[in-house]
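Here's a quick tour for anyone meeting this structure for the first time. Have a look at it below, and then we'll walk through a few spots together.

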Amino acid sequence: MQLTDIVTSAGSPSAGRQVFVFDAITLKPLGKSITDLNGRFVCNIPDGTDSVVVVAIDKIGPDFKPSSGYMVGEIIKPYPFKGFILECQIDGNVGDSLPNYPEKDGAIVTVGNALFVVRQYFQPVAKFIPL
């Protein structure tokens, strides 16, 4: 059986979120997916499943490591955490500290000689779906 739904955060579709599907009774994992640009996910689950719990999460990443190298796709969790993460777009080495960065989704920030994009971090969301 194919399960399709849309994940939203703050009323807007949420792209690039990891989605995990569990049996609502046993909590057995049934499948996983990633949301598309419209927040939509598709997951194949066993036929005969009565109801599921869907959990969507963002990657938060490890704390910032001063004087380290970062590669494309790696994520930094700035400290203090203010609801935004930094996703590496161009490989490079960072300095001893993070500069002040705009708290705006999609903003670009250079740290050392690495380039990062600012991404808003959304708290995990869960949803019960009777089938």
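Let's start with a pair of residues: V111 sits opposite A114, which belongs to strand 13. Keep in mind that this is a predicted model. Strand 13 covers residues 114–120 and pairs with strand 12 in the antiparallel sense, over four bridges.

Zooming out, these two are part of an open sheet of four strands, ordered 9-10-13-12, with antiparallel pairing. Which strands stand at the edges? They're strand 9 (75–76) and strand 12 (108–111), each with a single partner strand, so one side of each has no neighbour in the sheet. In general, strands of a sheet pair through backbone hydrogen bonds.

Most peptide bonds are trans, and most residues other than glycine have a negative phi. Where does this model go its own way? P80 has its place in the loop between strand 9 and strand 10 (84–90).

Then there are L27 and S67, neither a glycine, both with a positive phi. Here they are side by side:

| Residue | Phi | Loop between | Relative accessible area |
|---|---|---|---|
| S67 | about 55 degrees | strand 7 (51–57) and strand 8 (69–70) | 51% |

Notes. Residues numbered from 1 in each chain as written. Predicted model: local features only at pLDDT ≥ 70, side-chain atom pairs only at ≥ 80, totals over all residues. Heavy atoms only, no water. Pairing = 2+ DSSP bridges. Buried < 20%, exposed > 50% of the residue type's maximum accessible area, 1.4 Å probe, protein only.
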